[in-house]
Amino acid sequence: MIEPDSEPLEPDLLPTDKDRSPLGVDGPADISTKSMKPPSEQSEQETVEIQLTGPASGSPSGSGAPALHIRSDGLIDEVSDEVAELFGMGPLTGQHFVDIVDEEEQESLERLLRLVLEMRREGLAEFSIYHPERGTQRFSAEAYPTSGADGVGVLLEITDITDKSEARKRIESMIPWVRAITRDSDEVILLVGPEVGEHLVSGSTRTVLGIDEKQFSLLHLRNAIHPEDQMRTMLAFEEVKENPGNVARLKFRTDDGADGWLHIEAQVSNRTTDPDVRGVVYMLRDVTERTIRDPVTGLPNRVLLLDRVEQLIAARAKSSYALLIIGLDRLPFVRGTLGPAAADAMVSVFGERLLGLVEAGWTVARTGEAELALLATGLHSNQEVRGLVERIGKLSEQSFNLAKQELVSSLTIGIALSTRGYLVGRSMLHDAQTAFERAREKAATGGRQVANTQVLNQNVDRVQIETELYRALSEGELRLNYQPIVTLQDGKLRGFEALVRWKHPERGLFGPERFLSVAEESGQIVALGAWVIDRACARLKRWEKYTGFAADLQMAVNVSARQLGDVGIVGAVEQALLTHRIQPGRLKLEVTETALIQNPEAAAATLRRVRQLGVEVALDDFGTGYCSLAYLTKFPVDALKIDREFVSGTEGILTSERGEPLARAIVDLARSLKLDVVAEGIETQEQAAALTSLGCKYGQGYYFGRPLGPRLARDLIARQDG
Ligand code: C2E
Ligand code: MG
Ligand code: MG
């Protein structure tokens, strides 16, 4: 598999409230209202990440490009000579960056910096600076988030665009013409590229998005996106931006300027390599009306229902939800005898009755001729689902008054529950529909009219994942993120743990919990595991070329039960070490106790051979499995990883009575067996301190850094070097 030379910056899985990261500042919610706080006012969570040595010297970007670095309080703290020359000003360090740019642009620039800082996303800005000799100069800047011992900041890589490129001139000259032609278009088209700048190419942002043309920019659009859609949308934007030729179609909601949200359908295409375009094209269309209403009942239609299900899936809701398809059995009869108007009235009345049952956040939709759907969220037990079904069933006792006729209708209900772990809205809807059909068949033969799909379609999603995983493996959709592991005493970087992610082309980023069990069952884990080992070693080598410090770093790779039973893994490890010329001691395999006891003989044999190569082995998630001393002596291991359950979980070191003695016991046990100890899941400074005082040597967790894309990980290493 070929990996591109410079990989796009990869944000980790969407953060939840719990996993706020010192690197990742915080979630997407209120970016527009937050101000940049000086470090003294920032909470420790926000500033402390990994104790790094000073920043790299020379150009702040390390790449030799004109660049400057801004701290979180807006002050410049590093400038390359080229920038000083371009700006033609005296010493820039210590000055407020926004103060030196054209006054009119200060506010929008400040907003951009804040966004980069808080969302940890790249941004693109343009601004003018008055040069004492050359007059007003125009610059574009790519902005990148940074983090280090002094807190977070923003790195700007500056390009002088005063003398516009030919491409830019040409595009600018064409835009008024294109806009005139497309004046009445109901699609907003935006072109954005480092070389050509940002242009509204077509459509009226006022009529389509409710945003004034003068205020409109990509940044403004991002700010207007619904908080729940923001991360997903930005990830998709980011991905397209990074990959020439890529196209993404997505939907998101934006603030309609009043109390509601607009449903926007967007197509984003990266046409940077097309000489006639040279930028990313954003096409936006308001589909609110088309998307949401069934004309007869005024209820959301199938499309919106699907959208809502997708959103629940994407949000990985903690509580369960259920999708119920409810059929009015007498509707076809009513249509046939009393006519379509009566049938329409019947569905409308029933829709209203159903609405009488819903709680906040639920959706009632019309999914078919005689069918309505109810998406019920926040469910905690099957009991609640049964209660709900009963209440709906009671509706069948209420009669309809249609064309002066009183009549009642029985109901048929099909249910799909989120506990199936759906990956796509369509499969949930499909399951509910199948259950509905089954229920109807049963009803026809006098059976119960409610069917539950839980068992029925158990395998649908797994099969889908399995099929798609083949493609993921062959098309390079898998990625590795790297989470820093540090020496607790001094906060120095010790190495990384490679964690696999699946960047699904349509459905965004999946964490391992979504596909590893399928990969294990289907046997794909063997190929996947070999890929992970190979890529992790390749990455280690590549970092080494960048920075001398990397030569000491260790890379931990997770290995699962099935892999341990497969002899091929030893070959895969050997091959990777040879191909990438990695000292065996720098690779560490992490295995869980549960994996060991599934097939103890084979596992022990595999581990022995791996260790003969000189590769280290760590026992992962220690304390959660069978935790017996016998296993520790039977299996050759070099280190224990204290499970995050005992660090920040329910048995947390500072939050539960058992936590501290447990952690202490594990550390003592490791010491007596001369094993290293790594504590996982350290989320606060207090947890780090408590573990340090127990004598735990290494630590890992969001407090020190989230799993990072290769580029951010490299930056982290580079800063250790300085
Ligand atoms: P693990 O090996 O125990 O990895 C640590 C997990 O804890 C990672 O989740 C990481 O993101 C998460 N984590 C790190 N710091 C914190 C923290 O401060 N708080 C909390 N709450 N969580 C933290 P992730 O990436 O979702 O991985 C889950 C599991 O999937 C891993 O657990 C590992 O067993 C498995 N896995 C990941 N990548 C691979 C792989 O390439 N191959 C195999 N076989 N398994 C993998
Ligand atoms: Mg692990
Ligand atoms: Mg673990």
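A polar side-chain atom of D621 sits 3.0 Å from an oxygen atom of ligand 1. The model is predicted, with local features needing pLDDT of at least 70, side-chain atom pairs counting only at pLDDT 80 or more, and totals for chains, interfaces and linings using all residues. Residues are numbered from 1 along each chain as its sequence is written, chains are lettered from A and ligands numbered from 1 in the order in which they are written, and side-chain values use heavy atoms, without hydrogens and water.

| Residue | Atom of ligand 1 | Distance |
|---|---|---|
| Q483 | nitrogen | 2.9 Å |
| E497 | oxygen | 2.9 Å |
| D621 | oxygen | 3.0 Å |

On its own, ligand 1 has 800 Å² of accessible area (Shrake-Rupley method, 1.4 Å probe), and the protein covers 87% of that area.

Around ligand 1 there are 24 residues (a heavy atom within 4 Å); the closest are N558, D620, R644, E683 and Y702. Strand 19 (493-504) supplies the largest share of this shell, 4 residues. Strands here are DSSP runs of E, at least two residues, numbered from the N terminus.

The magnesium ion (ligand 2) is coordinated at 2.0 to 2.2 Å by E497 (OE), N558 (OD1), E590 (OE) and D620 (OD). Donors are N, O and S atoms within 2.8 Å of the metal (3.2 Å for Na, K and Ca); water is not among the atoms, so sites may look incomplete. E497 in strand 19 and E590 in strand 22 (residues 587-592) are 93 residues apart, and the pair links distant parts of the chain.

Conventions:
A polar contact is a pair of N or O atoms within 3.5 Å; within protein, one must be able to donate a hydrogen and the other to accept it, and residues adjacent in sequence count only if both atoms are side-chain atoms.
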